[in-house]
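Visitor: Hi, I have a new chain on my screen and would like a quick tour. Could you walk me through it?

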Amino acid sequence: MPLEHDENFVCPYCGQDNILMIDTTNGSEQRLVVDCEVCCAPIVLKIKVRGGEIVGIDVRKENE
């Protein structure tokens, strides 16, 4: 089972697709702040992991 997974998400600012490598060994609930690959705006990702698999990603603007 791979420990890192590529996940796609849509930027809440510009609507463009982004891809992020997520390490599933960093806990069952992870919070990351990343910049959009297109518009460079800060995006907050809340990631839920169970059994080494990503079960949910919540994508929000930084100030929401």
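**A tour of the chain**

Guide: Happy to. The chain has five strands and zero helices, and please keep in mind that this is a predicted model.

Visitor: What pattern does the chain follow along the sequence?

Guide: Reading along the sequence gives β-β-β-β-β. The radius of gyration is 12 Å, close to the 11 Å that the globule rule gives for 64 residues, so the chain is as compact as a globular protein of that length.

Visitor: And what does the C-alpha trace span along its principal axes?

Guide: About 35 × 20 × 15 Å.

Visitor: How much of the chain is made up of buried residues?

Guide: Buried residues account for 28% of the 64 in the chain.

Visitor: Which residues make up the largest nonpolar core?

Guide: There are eleven: Phe9, Cys11, Leu20, Ile22, Val34, Cys36, Ile43, Leu45, Ile47, Val49 and Ile54. Strands β2 (17-23) and β4 (42-50) each supply at least two residues of this core. The biggest contribution is from β4, which gives four. As background, nonpolar side chains tend to be buried together in soluble globular proteins.

Visitor: Let's pick one of those. What does Val49 touch, beyond residues up to four places away in sequence?

Guide: Val49 touches Thr24, Gly27, Ser28, Gln30, Ile54 and Val55. Of these, Ile54 is also listed in the core.

Visitor: Switching to His5: is it buried or exposed?

Guide: His5 is buried, because its relative accessible area is 13% and the limit for buried is under 20%. You'll find His5 in strand β1, residues 4-10.

Visitor: Where does its side chain reach?

Guide: The His5 side chain reaches the backbone oxygen of Gly52 at 3.4 Å. Neighbours within four places in sequence aside, His5 is in contact with Leu20, Met21, Ile22, Thr24, Gly52, Glu53 and Ile54. Leu20, Ile22 and Ile54 in that group belong to the largest nonpolar core.

Visitor: What about Arg31, buried or exposed?

Guide: Exposed, since Arg31 has 55% relative accessibility and exposed means over 50%. Arg31 sits in strand β3, residues 29-35.

Visitor: Which residues is Arg31 in contact with, leaving aside neighbours within four places?

Guide: Val44, Leu45 and Lys46. The C-alpha atoms of Arg31 and Val44 are separated by 7.1 Å, with the two residues 13 apart along the chain.

Visitor: Now charges. How many salt bridges does a search of the whole structure find?

Guide: Two. In general, side chains of opposite charge can pair when their charged atoms come close. Here Arg60 pairs with Asp58, with the closest N and O atoms 2.7 Å apart, and Arg60 also meets Glu64 at 3.9 Å, N to O. That links Asp58, Arg60 and Glu64 in a network.

Visitor: How exposed are those three residues?

Guide: Arg60 is partly exposed at 37% relative accessible area, and Asp58 is partly exposed too, at 29%. Glu64 counts as exposed, with 61%.

Visitor: Last one: what is the phi of Cys40?

Guide: Cys40 has a positive phi of about 70°, although it is not a glycine. Cys40 lies in the loop between β3 and β4, and is exposed with a relative accessible area of 55%.

Definitions and conventions: Residues are numbered from 1 along each chain as its sequence is written. This is a predicted model: local features need pLDDT of at least 70, side-chain atom pairs count only at pLDDT 80 or more; totals for chains, interfaces and linings use all residues. Side-chain values use heavy atoms; hydrogens and water are left out. A nonpolar core is a set of buried Ala, Val, Leu, Ile, Met, Phe, Trp, Tyr and Cys residues joined through side-chain atoms within 4.5 Å. Buried means under 20% relative accessible area, exposed over 50%, partly exposed in between (1.4 Å probe, protein chains only). Contact means heavy atoms within 4.5 Å. A polar contact is a pair of N or O atoms within 3.5 Å; within protein, one must be able to donate a hydrogen and the other to accept it, and residues adjacent in sequence count only if both atoms are side-chain atoms. A salt bridge is a side-chain nitrogen of Lys or Arg within 4 Å of a carboxyl oxygen of Asp or Glu. The radius of gyration is taken over C-alpha atoms; the globule rule is 2.2 Å times the number of residues to the power 0.38.
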